[in-house]
Amino acid sequence: MMSPFQPAHIRAWRQERGMTMVELAAKAGMDQGHLSKLERGLLQYTQQNLESLAAALGVTPAALLESEPSK
C-alpha cells in the first residue's frame, strides 16, 4: 500500500521553481492532465512518478513526500 501523499507539495515545489504545470509535466515525461490530477490528490503517485517529478524539480523524492520548499 502506498503511503499518504501530500499533493500540495508537488505544486509548492513547482511554484517555487517558477515552473508551469506544462513545463514540469514535459520535463518529467508525463501528460499535463496526469500531473494536474497528482497535484490535486485525485491520483496516487507511483514510484516512477515520484522519481520523475523529483528529478525534474531538482529535489529528492523524500522532499516531495515530506515537506514544502522553505520560503
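**Note on helix packing and salt bridges**

1. Helix α2 passes helix α4 in a right-handed crossing. The contact (heavy atoms within 4.5 Å) is made by Leu 24, Lys 27 and Ala 28 of α2 and by Ser 52, Leu 53, Ala 56 and Leu 57 of α4. Those residues divide into 5 nonpolar, 1 polar and 1 charged. Ala, Val, Leu, Ile, Met, Phe, Trp, Tyr, Cys and Pro count as nonpolar; Asp, Glu, Lys and Arg count as charged; the others, Gly among them, count as polar.

2. This is a predicted model: local features need pLDDT of at least 70, side-chain atom pairs count only at pLDDT 80 or more, and totals for chains, interfaces and linings use all residues. Residues are numbered from 1 along each chain as its sequence is written, and side-chain values use heavy atoms, with hydrogens and water left out.

3. Now the geometry of the pair. The axes of α2 (residues 21-28) and α4 (residues 47-57) come within 8 Å and cross at roughly 115°. That makes α2 roughly perpendicular to α4. The class covers 65 to 115 degrees; under 35 is roughly parallel, over 145 roughly antiparallel, and the rest oblique. Axes are lines fitted to C-alpha atoms, for helices over the stretch in contact, with angles from 0 to 180 degrees between N-to-C directions. Helices are DSSP runs (H or I, at least four residues), numbered from the N terminus.

4. The whole structure holds 3 salt bridges. The criterion is a side-chain nitrogen of Lys or Arg within 4 Å of a carboxyl oxygen of Asp or Glu. Arg 11, Arg 14 and Glu 39 are linked in a network of them.

5. Glu 39 pairs with Arg 11, the closest N and O atoms being 3.3 Å apart. Glu 39 lies in helix α3 (residues 32-39) and Arg 11 in helix α1 (residues 7-16), so this bridge ties together parts 28 residues apart in sequence. Arg 11 is partly exposed, at 28% relative accessible area. Buried means under 20%, exposed over 50%, and partly exposed in between (1.4 Å probe, protein chains only).

6. Glu 39 also bridges to Arg 14, at 2.6 Å from N to O. Arg 14 lies in α1 and Glu 39 in α3, so the pair ties together parts 25 residues apart in sequence. Both Glu 39 and Arg 14 are buried. For Glu 39, relative accessibility is 1%.

7. Arg 17 forms a salt bridge with Glu 16, with 2.3 Å between the closest N and O atoms. Arg 17 is partly exposed at 34% relative accessibility. Glu 16 is partly exposed, with a relative accessible area of 34%.

Notes
Helix = DSSP H or I, 4+ residues; strand = E, 2+ residues; numbered from the N terminus. Left-handed = near helix turned anticlockwise from the far one by under 90°.
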